Amino acid sequence: MNYRWKSALLTLIVRQRRSLRESEAAFIVLATIAGLAAGFLTNLQQFIAHSLQHLFYGVTINRLSALASIHHPWRLLALPTGGIVMVMIARLLRGRKRPPIDVVEANALHGGRIPFVDNLVICVQTIISNGAGASVGLEAAYAQMGGGIASVLGQWMKLRRNDLRTLVGAGAGAAVGAAFGAPLTGAFYAFEIVIGNYTPAAIAPVVAAALSAAFVTRELGVEPYLIATAANRELALADYLAYAGLGIVCALIGVAIMRLVTAAEQHVQSWRRITGWRPLVGGLLLMPIAWFSPQSLSAGHGALHLDLLLRPPVAFLTAILLLKIAASVISLSFGFRGGLFFASLFLGSIVGQIFAGLINATPLAFTLDTGDAALVGMAALSVSIVGGPMTLAILMLETTHDFALMGVVLTAALISSAFTRETFGYSFSTWRMHLRGASIRSPRDIGWTTSLTAGRMMRRDWVAVTEDMTVADFRARVPLGSASKAIMTDANGHYRGVVVTASAYRPDLEGGAPLEDLATLADVALNPATGINVMLQMFDTHAADELAVIDAEGKVVGVLTEKHARRRYFEEIEASQRALFGET
């Protein structure tokens with residue numbers, strides 16, 4: 001009887017998995033479930049982080065960064081305390097062979113597959129960092145857990161690669177939408193930042209997930225993130241030109257921040273004496289910054305609203321901008337974990353207010369509304385760092401309900417995005433992965449290229465000759481017409497070059513001539529791990545139609561032709577396109 005129940009349950013699971021692969025409606029239901037889970041987990045993480053801030057700083061109603069001052073200096077010990085916890089976590093994870101996989105990397109390189117323990121590691125580290133007051137946001141944890149739980153569901157249901165990537169994007173976008181109470185923002189976040197493209201088949205599941213996550217936030221009584229703006233305005237050509245200039249300014253600052261974080265991180269990692277204790281040192285360095293200005297703490301939600309309400313002078317805003325950048329750089333370079341999504345929104349609002357203040361101080365008969373400039377700056381700077389111009393434009397729309405402002409927001413966001421791509425080429429997340437050796441510039445699926453290595457595509461039946469042979473020996477070993485090329489090695493099997501058969505049969509060449517004089521490409525070879533992009537570039541650079549594959553000791557293990565490599569490359573591209581558009 002027990003066996004029958006198990007058999008029936010297994011049959012039901014198999015049928016459901018098949019239904020999900022074949023039915024669009026079933027896939028939408030699964031995306032909705034992932035969205036509900038993402039919405040709940042987002043609010044849970046937010047509650048835990050804010051509870052930590054209440055414990056450490058006594059924050060109740062207001063946000064941490066909105067505090068006028070730190071009344072009790074000992075509360076700032078939360079920063080090094082958080083650093084100590086981060087040190088302990090790092091020591092527990094010391095045996096791991098690789099860093100955790102985030103949602104963008106998973107969709108770009110791993111077909112949406114994320115080990116669940118990686119989600120836990122990233123989320124715990126981010127919550128500890130933000131809860132202790134480090135200048136990082138929780139949005140990275142939200143997207144990670146939302147996309148991670150979707151990945152677990154998709155892997156359990158054995159979804160196809162493209163469907164799994166879509167589900168991961170839906171879960172991550174739903175989590176971000178739940179955080180802001182902005183479902184359209186979540187949907188565009190999924191498309192632009194996690195999936196990497198818009199497809200008709202993905203619209204329904206992504207939107208379903210985003211709406212269901214926003215529903216959870218609303219049912220839990222969490223107020224959506226809203227910003228009040230001017231009700232009436234007339235935007236002329238001069239306004240568009242001014243905000244286009246603000247877009248370029250924000251792009252320059254965004255690129256500078258990303259490079260500054262990288263330079264600081266690399267410099268800090270070279271300090272061997274504090275290896276393993278970097279978060280503690282970072283927490284100590286953050287204490288005087290936080291004491292001088294609490295607006296540098298956490299992501300900056302409260303400080304953003306406070307500055308928009310009080311409209312402080314340009315000098316004060318400039319000081320806050322510099323302190324917040326310094327706090328974010330220290331937090332990330334010294335080992336705290338988190339994202340720059342909301343921090344970049346806060347920084348963008350400051351840049352926009354400074355920009356408007358400077359414009360309004362000129363004798364020109366032209367002024368900018370400080371609140372509008374802050375909102376445009378928020379979108380423009382965030383686009384430079386995070387990516388996704390439509391995501392940020394829709395976020396401004398959903399948080400302000402101001403359609404009239406959308407034109408200049410889009411203008412600045414698109415200019416900032418284009419300028420950043422042209423001069424830098426990466427968002428913050430893809431830039432950091434690029435520094436770790438991952439050759440990605442977006443979340444578009446290039447994971448299949450990692451399987452196209454020389455070791456997997458090479459053939460092992462090559463003609464071998466040795467360097468001590470003569471031309472006559474070669475002619476006896478390789479009759480004309482039997483093979484177009486032969487691989488030359490030394491007596492121990494180490495690679496010495498390629499001999500073209502036709503070159504050894506030239507009429508003017510004597511049989512006693514040394515064969516090694518005919519060898520070409522002696523310094524050019526592939527290794528088994530060489531990827532398809534590098535491989536094709538080597539074929540083009542050296543005008544070769546066949547290359548040897550050698551191991552770490554320099555011994556020949558195979559041969560690969562350009563024709564075969566290109567055929568496999570285009571076969572995978574066609575397969576990827578068929579999967580993307582649902583063709584069979």
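Author: A residue is called buried when its relative accessible area is under 20%. The model discussed here is a predicted one.

Reader: What makes Phe342 buried?

Author: Phe342 has a relative accessible area of 0%. The limit is under 20%, and therefore Phe342 counts as buried.

Reader: Why does Phe180 count as buried?

Author: The relative accessibility of Phe180 is 3%. Because the term applies under 20%, Phe180 is buried. Phe341 is buried as well.

Reader: Why is the pair of Phe180 and Phe341 called tilted?

Author: Two rings pair if their centres lie within 6.5 Å; plane angles under 30 degrees count as stacked and those over 60 as edge-to-face, the rest being tilted. The centres of Phe180 and Phe341 are 5.7 Å apart and the planes stand at 40°, so this pair is tilted. Phe180 belongs to helix H7 and Phe341 to helix H14, so the pair ties together parts 161 residues apart in sequence.

Reader: What makes the pair of Phe180 and Phe342 stacked?

Author: For Phe180 and Phe342, the distance is 6.2 Å centre to centre, with 20° between the planes. Stacked requires centres within 6.5 Å and planes under 30 degrees apart, and the pair is accordingly stacked. This pair also links distant parts of the chain, from helix H7 to helix H14.

Reader: Which residues form one aromatic cluster?

Author: The cluster consists of Phe180, Tyr189, Phe341 and Phe342. By the pairing rule, the count is four aromatic pairs.

Definitions and conventions
Residues numbered from 1 in each chain as written. Predicted model: local features only at pLDDT ≥ 70, side-chain atom pairs only at ≥ 80, totals over all residues. Heavy atoms only, no water. Phe/Tyr/Trp six-rings, centres within 6.5 Å; stacked < 30°, edge-to-face > 60°. Helix = DSSP H or I, 4+ residues; strand = E, 2+ residues; numbered from the N terminus. Buried < 20%, exposed > 50% of the residue type's maximum accessible area, 1.4 Å probe, protein only.
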